[in-house]
Amino acid sequence: MSLLIAKLRAHLQNLYDANPYVTFLQMSIDELSEAQVCLSMPIVREHTNLFGVAHGGALASLADTAMGVACATTGKKVLTIDMNINYIRSATVNTRIQAIGRVIHNGNHTLVAEAEILDEAGQLLAKSRGTFFAAGYFLEESEATS
């Protein structure tokens, strides 16, 4: 892991640990590399809909966060401009799901990322794509190299 990625990982972990919505959904950063991240989240009763499966909003939040963190590994602070999501299968309560976010375009002003949400067996639950606005940088060049 490069020094920049190590510093960003620590910074992002602190940032997301302080985020009340991410904390409520119990998301955690499992793996992080440049332009890619793996997050996980348990599906608990509070994350379910009337049918007892994961609420689409909970899955969309995980996908958006995975794509945003993947973008953040480039060192850029990003804001979601738009995103879409396709729901493939239901996520059941008392399971742990995983989102893999990847940057597929890293421009000066916008980034495009994708996320796949998988169940414990590795089956695809949802697929998402988003466009993000680069609103600045996390670490100044001097901080990244020190």
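Modeller: A nonpolar core is a set of buried Ala, Val, Leu, Ile, Met, Phe, Trp, Tyr and Cys residues joined through side-chain atoms within 4.5 Å. Buried means under 20% relative accessible area, with a 1.4 Å probe and protein chains only. This is a predicted model: local features need pLDDT of at least 70, side-chain atom pairs count only at pLDDT 80 or more, and totals for chains, interfaces and linings use all residues. Residues are numbered from 1 along each chain as its sequence is written, and side-chain values use heavy atoms, leaving out hydrogens and water.

The largest core holds 36 residues. Those touching the most other members are Leu12, Val37, Met41, Leu62, Ala91, Ile97 and Ile117. Two or more residues come from each of helices H1 (3-17), H2 (20-25) and H3 (56-72), and likewise from strands E1 (28-33), E2 (36-43), E4 (95-106), E5 (110-118) and E6 (124-137). Helices (H or I, at least four residues) and strands (E, at least two) are DSSP runs, numbered from the N terminus.

H3 gives the most to this core, 10 residues. H3 is mostly covered, with 14 of its 17 residues buried. Its end C-alpha atoms lie 24 Å apart, which agrees with the 24 Å that 17 residues should span at 1.5 Å a residue; the expected span is 1.5 Å times one less than the number of residues.

Now Met41. Leaving aside residues up to four places away in sequence, Met41 touches Leu25, Gln26, Met27, His47, Ala58, Leu62, Thr95, Arg96 and Ile97. Contact means heavy atoms within 4.5 Å.

Conventions
Buried means under 20% relative accessible area, exposed over 50%, partly exposed in between (1.4 Å probe, protein chains only).
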